[in-house]
Amino acid sequence: MSREREKFPSTESIRRFFDRLKADFPKVEPVCKHFGRCGGCYLQDLSYEDQLRVKLEFLKELFSDRFELEGVIIPSPQPLYYRHRMDYVCAFSKMGLRMRGNYAEVVDLEECHLISPRAFEVFRFVKGRARELGIQDYDFIEHKGFLRYIVVREAKFTNELMIAFTATSPPDLLQRDKLLELMAETAQRAESVYWLKHEGLRDHSYGEPVKILGKPYIVEKVGSYQFMIKPDVFFQSNPLLIWKAYDDIKEHVYGRALDLYCGIGTISIYVSDACESVTGVELVQSSVEAAKANAELNGVKNVKFYAQDVGEYLKRG
Ligand SMILES: C[S@@+](CC[C@H](N)C(=O)[O-])C[C@H]1O[C@@H](n2cnc3c(N)ncnc32)[C@H](O)[C@@H]1O
């Protein structure tokens, strides 16, 4: 068991820890009417400055048996509307996020302040039309139904929007046509629209592309670099902030650098001009392909990417 697991064996124990910390700070009116029921936000009833204090205390506690954590948390340029991605679950005639402390319940979101107002408007449209068209949602307890997730991904510096519908195989031709109709309408409002097929029992929003409307990727900028983002890859949650963290990394790297768990090569490419070369290692082949394509897009020549388990890669010595 990892030391993090020993210290915080469950989400519930993390929540209790946060509750104890929160008790020392004055409460403010939360922005969102769903706060308290929705599992998406936990600290919205504190001022942003106090939220940062609580998070720093949590990190100090988490690492306390290894080292004394110094420094501060870099604040987000905006505490709301910052997220790159939201996975809204579609179940039990609701579309939104899981209820706080109850995975089996979904809060039907009428507002959400984590993505931009434009992105949430598109989600609201999709949600309304899915209901009007009678598209079946997916019961993740009984594993029955069709539409599992609506994933919203947003590039903050180009304003490009991706909407991905994650669904099982269509139960009939009518359901298939309804989803295609919804996709066509969504494509009027978003740059990239995907239908992803995921039939397994595992509860996630990834899947095999069945149909794509518009662009196959959206492009996000990090400093002067651009990154193509497809539905199957990771991108940092707060694009407004990451260049600051990557600038920090850049100050400390030189020579031949290794970027372990490199994803789509964001860090490798960002720090490449401070290094002789950067080698990125990533397990998922499609992310490695994306990293190579991103290096090419940015004209960066001194980076290499390998699809391999990091543990295995390091064993090579
Ligand atoms: C949180 S993402 C970070 C990606 C990148 N460093 C960034 O900041 O954008 C972690 C990445 O590690 C990859 N990964 C997870 N386990 C791995 C392993 N055992 N070996 C190599 N890569 C792994 C995942 O596929 C994912 O792309």
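View 1. Everything here comes from a predicted model, where local features need pLDDT of at least 70, side-chain atom pairs count only at pLDDT 80 or more, and totals for chains, interfaces and linings use all residues. Residues are numbered from 1 along each chain as its sequence is written, and side-chain values use heavy atoms, with hydrogens and water left out. Helices (H or I, at least four residues) and strands (E, at least two) are DSSP runs, numbered from the N terminus. Axes are lines fitted to C-alpha atoms, for helices over the stretch in contact (heavy atoms within 4.5 Å), and angles run from 0 to 180 degrees between N-to-C directions.

**View 2. H5 has a buried face.** Gln175, Lys178, Leu179, Leu182, Met183, Glu185 and Thr186 are the buried residues of H5 (under 20% relative accessible area; exposed is over 50%, partly exposed in between, with a 1.4 Å probe and protein chains only). Looking down the axis, those residues fall within an arc of 165°, so they line one face of the helix (the arc is that of the directions from the helix axis to the C-beta atoms). Their cover includes helix H4 (117–133), S7, S8 and S9. Over on the other side of H5, you'll find Leu173 and Leu174 exposed.

**View 3. Asp172 sits at the start of H5.** Here a side-chain oxygen of Asp172 comes to within 3.1 Å of the backbone nitrogen of Leu174.

**View 4. The open sheet has seven strands.** Their order is S3-S2-S1-S6-S7-S8-S9, with mixed pairing (two strands pair if DSSP finds at least two bridges between them). Strand S3 (102–108) and strand S9 (208–214) are at the edges with a single partner strand each, so one side of each has no neighbour in the sheet. From one strand to the next, the twist averages 30°. Zoom in on S7 (residues 161–167) and S8 (residues 192–197), and you see parallel pairing over six bridges; Thr166 has Leu196 in S8 as its bridge partner.

**View 5. Two loop residues have positive phi.** Tyr81, in the loop between helix H3 (48–63) and strand S1 (85–91), has phi near 60°, a positive value in a residue other than glycine. Tyr81 is partly exposed, at 27% relative accessible area. Asn159, in the loop between strand S6 (147–154) and S7, is also not a glycine, and its phi is near 65°.

Conventions. A polar contact is a pair of N or O atoms within 3.5 Å; within protein, one must be able to donate a hydrogen and the other to accept it, and residues adjacent in sequence count only if both atoms are side-chain atoms.
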